Amino acid sequence: MCNLYNITTSQEAIRQWTRALRDSLGNLEPSIDIYPNQPGPVVRNAPDGERELANLLWGMPTPVERVKGKADYGTTNIRNPQYGHWQQYLGVENRCVVPLTSFAEPSPTPGDKDPDTGIQKNHWFALNEARPLFFFAGLWTPWQGVRKVKDGPGEFELYGFLTTRPNALIAPIHEKAMPVILTTQEETETWLTAPWSQARHLQRTAPDDALVIVDKPATQIKFPPQAPQAPLQGSLF
């Protein structure tokens with residue numbers, strides 16, 4: 001399950017690709033890691049019909065029967081859109097695309113810790129070593145409820161993205177699923193505008209050569225290597 005991805009691109013590149021006419025995002029950092037239940041940029045069909053680049057909270061409303069405790073921390077990945085709970089979100093008014101340049105899947109080896117983060121090691125995937133922009137096929141919705149118990153109820157705009165069977169590259173690392181990726185402007189346009197009978201065909205496994213394994217982004221390195229210091233001039237040693 002993908003619960004971490006990175007965006008290293010510009011707002012202008014996202015707007016040009018998706019033809020977003022409105023940008024309410026604010027300033028996008030040069031490189032940012034997105035985690036569950038945190039804000040992330042999406043391009044959506046806004047309530048007024050405008051195509052908009054906006055900041056939403058990652059994690060769609062969880063089916064009521066699966067919520068544990070007093071808060072719904074959200075469902076990040078959606079495997080079965082035909083499940084009754086998800087049917088209400090499949091129209092174009094609830095579709096979005098999620099920009100990214102790389103995403104992570106945790107190592108399947110128990111105790112495989114990353115020395116830089118201190119948690120389970122992640123394997124990172126991108127279209128190629130240059131990490132160009134691409135998108136997840138997503139859904140979004142306004143929602144009222146409790147995301148964190150200490151904060152109480154509130155109003156939110158939430159998003160998540162679809163998953164599908166893993167390809168040959170990802171299956172040894174995550175055997176159950178991979179995100180649904182969109183790698184062309186035609187695919188993102190279809191996802192944002194086509195009837196579900198057509199758009200649903202984009203929920204398919206990516207070709208085995210569609211992605212490569214890349215190094216983790218610099219944002220995941222707590223202690224970047226220091227450049228060697230030049231010796232002091234005039235030293236006695």
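1. Terms for exposure come first. Buried means under 20% relative accessible area, exposed means over 50%, and partly exposed lies in between (1.4 Å probe, protein chains only). With a relative accessible area of 41%, asparagine 80 is therefore partly exposed. Asparagine 80 belongs to the loop between β6 (77-78) and β7 (95-100). Strands here are DSSP runs (E, at least two residues), numbered from the N terminus. Asparagine 80 and threonine 163 are 83 residues apart in sequence, yet their C-alpha atoms are 8.2 Å apart in space.

2. Basis of the model. This is a predicted model: local features need pLDDT of at least 70, side-chain atom pairs count only at pLDDT 80 or more, and totals for chains, interfaces and linings use all residues. Residues are numbered from 1 along each chain as its sequence is written, and side-chain values use heavy atoms, with hydrogens and water left out.

3. Confidence. pLDDT is the predictor's confidence in each residue, from 0 to 100. The protein chain averages 92, and 93% of the residues score at least 70. Residues 225-237 have a pLDDT below 50. Beyond near neighbours in sequence, that stretch has 0 contacts in the model (contact: heavy atoms within 4.5 Å).

4. Aromatic pairs. The whole structure holds 13 of them. Rings of Phe, Tyr and Trp (its six-membered ring) pair if their centres lie within 6.5 Å; planes under 30 degrees apart count as stacked, over 60 as edge-to-face and the rest as tilted. Tryptophan 58 and tyrosine 159 are stacked, because their ring centres are 6.4 Å apart and their planes meet at 15°. Tryptophan 58 is in strand β5 (residues 51-58) and tyrosine 159 in strand β11 (residues 153-164), so the pair ties together parts 101 residues apart in sequence. Tryptophan 58 is buried, at 0% relative accessibility. Tyrosine 159 is also buried, with a relative accessible area of 0%.

5. A tilted pair. Phenylalanine 136 and phenylalanine 161 sit 4.1 Å centre to centre, with 35° between the planes. Phenylalanine 136 is in strand β10 (residues 134-146) and phenylalanine 161 in strand β11; the two are 25 residues apart. Both are buried.

6. The aromatic cluster. Which residues form one aromatic cluster? They are Tyr5, Trp58, Phe103, Phe125, Phe134, Phe136, Tyr159 and Phe161.

7. Nonpolar cores. A nonpolar core is a set of buried Ala, Val, Leu, Ile, Met, Phe, Trp, Tyr and Cys residues joined through side-chain atoms within 4.5 Å. The largest core has 55 residues; Tyr5, Phe103, Phe136, Tyr159, Trp191 and Leu211 touch the most other members. Strand β10 gives the largest share of this core, 7 residues. A second, separate core has 5 residues, among them Leu4, Ala104, Ala126 and Val214.

8. Charges over rings. A charge sits over a ring if NZ of Lys or CZ of Arg is within 6 Å of the ring centre and within 35 degrees of the ring normal. Arginine 66 lies over the face of tyrosine 83, 5.0 Å from the ring centre. Arginine 95 has its charged end over the ring of tryptophan 191, 5.4 Å from the centre.

9. Cysteines. How many disulfides does a search of the whole structure find? The search finds 0. A disulfide is a pair of cysteine sulfur atoms within 2.5 Å. For cysteine 2, the closest cysteine sulfur is in cysteine 96, 14 Å away and so too far for a bond. Cysteine 2 is buried, with a relative accessible area of 1%. Cysteine 96 is buried too, at 0%.

Definitions and conventions. Helix = DSSP H or I, 4+ residues; strand = E, 2+ residues; numbered from the N terminus.
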